[in-house]
Amino acid sequence: MAALEFAVVAPVMISLYFGVTELADGFSASTKVTSVASTAGDLLAQEKSVCDAEMNDVFTALRSLMYPFPLNQMQIVLSSLIDAGGGTVKVAWSDASNTSPRAVGSVVGIPAGLVGVGGSVVLAEVTYNYSSPTGHLIYGSVPLTDKFYLHPRRIQQIARSPNNC
């Protein structure tokens with residue numbers, strides 16, 4: 001009788017265990033994506049200007065936040081958005097890791113009132129294609145995305161220098 005009960009209950013319990021483990025792992029990846037986006041915006045918002053070497057350091061630091069998840073699945077775009085007049089906002093500069101940056105001068109739709117006249121904002125966009133390590137409950141790849149907008153803290157607009165510091 002006990003063996004029969006075990007044979008009925010064991011598959012359900014094992015499936016429940018793997019299901020909860022997969023959901024917890026996916027939730028952890030989602031939390032890390034949010035952490036990467038907020039940290040990216042925060043790191044840039046503290047600067048007066050950014051050069052190539054500093055941007056490489058920022059991307060290295062951001063990639064370390066996703067540990068232990070595979071880094072080749074993460075795309076990061078960091079942009080400085082400025083007031084273009086008439087309620088429009090355009091890209092002053094943009095850098096990216098594992099994807100293409102936004103085109104300089106392109107118009108970006110953001111929440112109303114976020115950028116004041118003559119102002120700017122830092123936009124950090126992170127996309128991570130999560131794939132479950134076991135694949136029992138979550139099949140394929142699930143895109144996790146997050147955006148953060150932060151105003152520069154020490155200057156009106158953060159300058160971007162193409163050379164090394």
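**Exercise 1. Pair the strands of the sheet.** Find which residue in β4 is the bridge partner of Met-74, then work out the order of the strands in the open sheet.

*Solution.* Start in β4, where Tyr-128 is the bridge partner of Met-74. A word on the source: this is a predicted model, in which local features need pLDDT of at least 70 and side-chain atom pairs count only at pLDDT 80 or more, while totals for chains, interfaces and linings use all residues. Residues are numbered from 1 along each chain as its sequence is written, and side-chain values use heavy atoms, with hydrogens and water left out.

Next, look at β2 and β4 (residues 120–131): nine bridges join these antiparallel strands. Strands here are DSSP runs of E with at least two residues, helices are runs of H or I with at least four, and both are numbered from the N terminus. Two strands pair if DSSP finds at least two bridges between them.

Now turn to β3 (residues 88–97), which is joined to β2 (residues 74–85) by nine bridges, again antiparallel. Ser-79 has Ser-94 as its bridge partner in β3. Two residues separate β2 and β3 in their hairpin, and Gly-86 in the turn has a positive phi of about 70°.

Put together, the order is β3-β2-β4-β5, an open sheet of four strands with antiparallel pairing. β3 and β5 (141–150) are at the edges with a single partner strand each, so one side of each has no neighbour in the sheet.

**Exercise 2. Describe the helix pair.** At what angle do α1 and α2 pack, and how far apart are their axes?

*Solution.* Helix α1 (residues 2–45) packs with helix α2 (residues 52–65) at about 155°, and their axes are 9 Å apart. Axes are lines fitted to C-alpha atoms, for helices over the stretch in contact, with angles from 0 to 180 degrees between N-to-C directions.

Then name the contact, meaning heavy atoms within 4.5 Å. From α1 come Lys-32, Ser-35, Val-36, Thr-39, Ala-40, Leu-43 and Leu-44, and from α2 come Met-55, Val-58, Leu-62 and Leu-65.
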